[in-house]
Amino acid sequence: MMLVVLTPMRLDKFLQTSRIVKRRAVATELCNRGRVDVNDRPAKAGRALLVGDTLTLSFGSDGKLVCRVLDLPTRGIRKEEAAGLYEVVSDTRSGSPQDS
């Protein structure tokens with residue numbers, strides 16, 4: 001039998017690594033302002049994420065982004081691999097690809 005150990009990742013680090021947010025400081029600020037929920041509960045920047053968690057980012061009047069965590073990297077990843085870390089459930093932001 002094989003044992004798989006899932007290592008959690010900080011929320012702010014995941015947002016930056018997955019390139020949902022450009023900089024970790026911006027991710028931390030979003031969390032501090034109460035604009036990020038994990039599994040429908042407000043989350044601080046240091047919250048541990050696990051595969052399967054649902055993230056909701058509120059951008060005020062610009063809309064919301066809801067996504068599901070698919071993978072947590074154990075090392076730095078390339079830009080091309082970042083989109084594979086999450087699945088977009090809904091995106092109501094103005095200017096989002098769905099609007100095109």
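Visitor: Where is Arg23 found?
Guide: Arg23 sits in the loop between helix H1 (11–17) and helix H2 (24–32). Helices here are DSSP runs of H or I with at least four residues, strands are E runs of at least two, and both are numbered from the N terminus. By the way, this is a predicted model: local features need pLDDT of at least 70, side-chain atom pairs count only at pLDDT 80 or more, and totals for chains, interfaces and linings use all residues. Residues are numbered from 1 along each chain as its sequence is written, and side-chain values use heavy atoms, with hydrogens and water left out.

Visitor: Okay, is Arg23 buried or exposed?
Guide: Arg23 counts as exposed because its relative accessibility is 53%; exposed means over 50% relative accessible area, buried under 20%, partly exposed in between (1.4 Å probe, protein chains only).

Visitor: Switching topic, what order do the strands of the open sheet have?
Guide: The order is E3-E2-E5-E6-E7, five strands with antiparallel pairing. Two strands pair if DSSP finds at least two bridges between them.

Visitor: And which are the edge strands?
Guide: Strand E3 (41–42) and strand E7 (86–91), each pairing on one side only.

Visitor: How many bridges join E2 to E3?
Guide: Two, with E2 covering residues 36–38. Val38 has Arg41 in E3 as its bridge partner.

Visitor: What about E5?
Guide: E5 (residues 54–58) pairs with E2 over three bridges, and Val36 stands opposite Leu57 in E5. E5 also pairs with strand E6 (residues 64–69), over five bridges.

Visitor: Which residue takes a positive phi in the hairpin of E5 and E6?
Guide: Gly60, near 65 degrees; that hairpin has five residues between the strands.
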